[in-house]
Amino acid sequence: MSGSFPSVRPRRLRTTARLRAVVRETRLSPEQLVLPLFVVPGRGKSVEVGSMPGVRQWSVDRVAEEAGRAWEAGVRSVILFGIPEGKDAVGSHAWREDGIVQQALAELRRALPEMLLVTDVCMCEYTDHGHCGVIVDGDVANDPTLELLAREAVSHARAGADVVAPSDMMDGRVGAIRRALDAAGHEGTAILSYAVKYASGLYGPFRDAADSTPQFGDRRGYQMDPPNGREALREMELDLAEGADMVMVKPAGAYLDVIASVRAACHVPVAAYQVSGEYAMIRAAGARGWIDEARVVDESLVAIRRAGADLILTYFAIEAARRLRAG
Ligand code: PBG
Ligand code: ZN
């Protein structure tokens, strides 16, 4: 069809930067990046997360500083995680009107009116046992958890969230959240479902940042088993049937095959989460001079795009967006 060497020379299209730029197949832009933000109680706080150098927990009065830097760089959305004032067995701080995420939503809406505000909806930051749902007989009980997640989502919507993102992996939660949002008059609030979330070792640093380590057991009873690829499509289909507007795959870098298959099998925006462990590994090797950090960050993000993600949640959002802007 297209001949062979020596008339064909693929290197011709790689000879100059201007030619490479023209034939590039995948593009990444700052609007496709979503910056995760951790919000903590108190005032004047900006505390670096030990296992995530460069990532900080912010108090409500200062969270707009970091979000503003993202905005300046061209990032148009943030996803909020709250570390509450107190924890209990059912995570009741998750749906308080004056809860940490609810306050942060008001502050960000005031400071950056055009920013897209996404909230993570889960129980693990709010429960004293650190699991993503309520415990019955030593196990995370699916159905009783749904009502709590729905309450949390409605509370976030009322406080100004544009998009709620359930990350708990309970069965039926997208439907429960959709019904509750609609019943409360929030039919315009979108759901970005963490539809395909694996039980990954790469969430370790996040659990320091969000103070959400399970006090017993692990999350393998509700998050997906890493060897399973087909099951991702089943999770995606169920969430779409229940009313998810967008679906997410998480983690990203080790699951590019899953991103590609989800992208091919649905017609909604697909997000991918480059998680805390992916961030920490790149930062750690970069700090030792073992890799060219900026180059590896950009390569990791474009690879996630190439696999098919429309949106990327990443702790590198600000610096990556700045480099994209600088060209
Ligand atoms: C809450 C939640 C987690 C992450 C996002 N939402 C932690 C977990 O499931 O243990 C992980 C994000 C990251 O590692 O960056 N369920
Ligand atoms: Zn959780």
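Me: Does Asp 137 count as buried or exposed?

Reply: First, keep in mind that this is a predicted model. Asp 137 is found in the loop between E6 and strand E7 (139–140). To count as exposed, a residue needs over 50% relative accessible area. Asp 137 has 80% relative accessibility, so its label is exposed.

Me: And what value is phi of Asp 137 near?

Reply: Here's some background: most residues other than glycine have a negative phi. Asp 137 isn't a glycine, yet its phi is positive, near 55°.

Me: On to the metal: which residues are the protein donors of the zinc ion (ligand 2)?

Reply: The donor atoms to look for are SG atoms lying 2.2 to 2.3 Å from the zinc ion (ligand 2). That is inside the 2.8 Å limit used for donors. The residues that own these atoms are Cys 122, Cys 124 and Cys 132.

Me: What do we call the arrangement of the four donor atoms around the zinc ion (ligand 2)?

Reply: For four tetrahedral donors, the ideal angle is 109.5 degrees. The label asks for all angles to lie between 85 and 135 degrees. Around the zinc ion (ligand 2) they run from 99 to 121°, so the arrangement is tetrahedral.

Me: How far apart in sequence are the parts that Cys 122 and Cys 132 tie together?

Reply: The donor residues of the zinc ion (ligand 2) follow the spacing C-x1-C-x7-C. Cys 122 and Cys 132 both lie in the loop between strand E5 (116–121) and strand E6 (135–136), so the parts this pair ties together are apart in sequence by ten residues.

Me: What is the relative accessible area of Met 123?

Reply: Met 123 sits in the loop between E5 and E6. Skipping neighbours within four places in sequence, its contacts include Val 90, Trp 95, His 131 and Leu 148. Met 123 counts as buried, which takes under 20%, because its relative accessible area is 0%.

Me: Which helix gives the largest share of the lining of the largest pocket?

Reply: The largest pocket holds about 560 Å³ of space, and among the residues closest to its centre are Thr 26 and Val 302. Two helices, H10 (293–307) and H11 (317–326), each supply at least two lining residues. The largest share is six residues, and it comes from H10.

Me: How does Thr 26 itself score on relative accessible area, and what is the value?

Reply: You'll find Thr 26 in the loop between helix H1 (17–23) and E1. Not counting residues up to four places away in sequence, Thr 26 touches Val 302, Arg 305 and Arg 306. Thr 26 is buried, since the cut-off is under 20% and its value is 18%.

Me: How many nonpolar residues does the lining of the largest cavity have?

Reply: The search of the whole structure turns up one cavity of 30 Å³ or more, with about 140 Å³ of space in it. Cys 124 and Lys 250 are among the residues nearest its centre. By class, the lining has four polar residues and five charged ones, while the nonpolar count is nine.

Me: Which elements do the buried residues of H5 pack against?

Reply: Helix H5 covers residues 173–183, and its buried residues include Val 174, Ile 177, Arg 178 and Leu 181. In an α-helix, residues three or four places apart point the same way, because there are 3.6 residues a turn. The buried residues of H5 pack against E5, helix H4 (142–158), strand E8 (163–166), E9 and helix H7 (230–242).

Me: What is omega near for the peptide bond from Lys 250 to Pro 251?

Reply: Most peptide bonds are trans. Pro 251, in the loop between strand E10 (246–250) and helix H8 (256–265), is joined to Lys 250 by a cis bond. Phe 5 and Pro 6 are joined by a cis bond as well, with omega about 10°. For Lys 250 to Pro 251, omega is near -5°.

Methods:
Residues are numbered from 1 along each chain as its sequence is written. Chains are lettered from A and ligands numbered from 1 in the order in which they are written. This is a predicted model: local features need pLDDT of at least 70, side-chain atom pairs count only at pLDDT 80 or more; totals for chains, interfaces and linings use all residues. Side-chain values use heavy atoms; hydrogens and water are left out. Donors are N, O and S atoms within 2.8 Å of the metal (3.2 Å for Na, K and Ca); water is not among the atoms, so sites may look incomplete. Four donors count as tetrahedral if all angles lie between 85 and 135 degrees; four count as square planar and six as octahedral if opposite donors are over 155 degrees apart and all others between 65 and 115; anything else is irregular. Helices (H or I, at least four residues) and strands (E, at least two) are DSSP runs, numbered from the N terminus. Buried means under 20% relative accessible area, exposed over 50%, partly exposed in between (1.4 Å probe, protein chains only). Contact means heavy atoms within 4.5 Å. On a 1 Å grid over the protein atoms alone, a cavity is a set of points where a 1.4 Å probe fits but cannot get out, and a pocket is an open set with protein on both sides within 12 Å along at least five of seven lines; lining residues have an atom within 4 Å of a point. Grid points are joined across faces, edges and corners, and a volume is the space filled by probe spheres set on the points. Ala, Val, Leu, Ile, Met, Phe, Trp, Tyr, Cys and Pro count as nonpolar, Asp, Glu, Lys and Arg as charged, and the others, Gly among them, as polar.
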